[in-house]
Amino acid sequence: MTPSLADLLATARVVALPMNTRFRGVDVREALLFEGPQGWAEFSPFVEYEDAEAATWLQAAIDFAWNEQPAPLRERIPVNATVPAVDAARVAEVLARFDGCRTAKVKVAERGQSLADDITRVHAVREIMGPEGRIRIDANGAWNVDEAEHAIHALAELDLEYAEQPCATVAELAELRYRVKHKGIPIAADESVRKAADPLAVAQAKAADLIVIKAQPLGGIRRALAIVAETGLPAVVSSALDTAVGLSQGAALAASLPELDYDCGLGTASLFADDVADARPVNGSVSAARVTPDAGALDRLEAPADRQAWWLARLERCHHHLRFE
């Protein structure tokens, strides 16, 4: 069912969460939260997304707030630390915020930085985490095939767990995977899965060894589970820089997967200076239980009036889109 716009507006709260470190080009992460019969949910497509794509995020939020979810198979979810494209001297400071995490995802290929910067940053992570630590890199599709091949060769000695979305297109990922297969470094598809009209294209093109899935962009937990089953590839559940409420939906997705072979990217609450609830990892894992935002935090983190108006107007447009799909 699609609840009425009035039902959504009745409990809607727009929040603005300050970040410890600039990430994905933002210093403050905005989100709209609302409560349904099953609990709280989050609607937070990035501001640059068009309404048609953002409506899928709204469908996911409505499903989580209004419908019973699949039964969880586990109570806690192992998560990775996330290291933004910071100077190597700050790596220890960032990792210290992720209690007990054995895995780190390191952002690379940031605009304005060089491969040498990336290598130095990953070296710093390896030095701190030691030989038993698991390190994955994420380029967000910023490299072409030649650049990605060169970078993976340069970083291979650091024992990478996998390289996430090194190139932008499915064809590029397939070509790169062929070129670096002898290095034994798996290729993970993120944006190529959550933005593609047909997520099976990645599997059919043999473009990735595993897929990164997010509950909001894929339209909810059930749709994400169906995609994993259809592709037949191992899956890593990650966040879209969600608040604690959105992270609980991601954790519920991870808890429902038949197999969970990789630590999940659901520890990103540690990137925020403040949040609507405490969802930071403890001993390297997070709870799969649903989160209820703290009333005081909702007030404290309330977005400015003009941003509230912007999000409420967006909610109305996306709700209209869902009604007439």
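## Close-up views of a predicted model

**View 1. The bridge partner of Val14 and the sheet around this pair.** In this predicted model, Val14 has Leu32 of strand 2 as its bridge partner. Strand 1 and strand 2, the latter made up of residues 26-36, pair in the antiparallel sense, and 7 bridges join them. Both belong to an open sheet of 3 strands, which are arranged in the order 1-2-3 with antiparallel pairing. Strand 1 (13-23) and strand 3 (39-43) stand at the edges of this sheet and each has a single partner strand, so one side of each is left without a neighbour in the sheet. Averaged over the sheet and with direction ignored, neighbouring strands are turned by 35° against each other.

View 2. The side chains of Arg179 and Asp146 meet here in a salt bridge, with a distance of 2.6 Å from N to O. Because Arg179 lies in helix 6 (residues 170-180) and Asp146 in helix 5 (residues 145-155), the pair ties together parts of the structure that are 33 residues apart in sequence. Arg179 has a relative accessibility of 25%, and with this value the residue counts as partly exposed.

**View 3. A salt bridge between two buried residues in loops.** The side chains of Lys214 and Asp190 meet in a salt bridge at 2.8 Å, again given from N to O. Lys214 is found in the loop between strand 10 (210-213) and helix 9 (221-231), while Asp190 is found in the loop between strand 9 (187-189) and helix 7 (191-194), so the pair ties together parts that are 24 residues apart in sequence. The cut-off for a buried residue is a relative accessible area under 20%. Lys214, at 5% relative accessibility, therefore counts as buried, and Asp190, at 3%, counts as buried too.

View 4. The structure has 1 cavity of 30 Å³ or more, and the volume of the largest cavity is about 50 Å³. Lys214 is one of the residues that line this largest cavity, together with Ala215, Gln216 and Pro217, with Ser238, Ser239, Ala240 and Asp242, and with Gly246, Gln249, Gly250 and Leu266. Sorted by class, the lining of the largest cavity consists of 4 nonpolar, 6 polar and 2 charged residues.

**View 5. A salt bridge between Asp278 and Arg280.** Asp278 forms a salt bridge with Arg280, and the closest N and O atoms of the two residues are 3.0 Å apart. Asp278 is exposed, with a relative accessible area of 56%, whereas Arg280, at 48% relative accessibility, counts as partly exposed.

**View 6. A network of linked salt bridges.** Four residues are shown in this view, namely Lys105, Lys107, Asp138 and Glu164, and they are linked in a network of salt bridges. For the structure as a whole, the count of salt bridges comes to 21.

View 7. Although Ala6 and Glu316 are 310 residues apart in sequence, the distance between the two in space is 9.6 Å, taken from C-alpha to C-alpha.

Notes:
Residues numbered from 1 in each chain as written. Predicted model: local features only at pLDDT ≥ 70, side-chain atom pairs only at ≥ 80, totals over all residues. Heavy atoms only, no water. Helix = DSSP H or I, 4+ residues; strand = E, 2+ residues; numbered from the N terminus. Buried < 20%, exposed > 50% of the residue type's maximum accessible area, 1.4 Å probe, protein only. 1 Å grid on protein atoms, 1.4 Å probe; cavity = no way out; pocket = protein on both sides within 12 Å on 5 of 7 lines; lining within 4 Å. Points joined across faces, edges and corners; volume = space filled by probe spheres on them. Nonpolar A, V, L, I, M, F, W, Y, C, P; charged D, E, K, R; others polar. Pairing = 2+ DSSP bridges. Axes fitted to C-alpha atoms, helices over the stretch in contact; angles between N-to-C directions.
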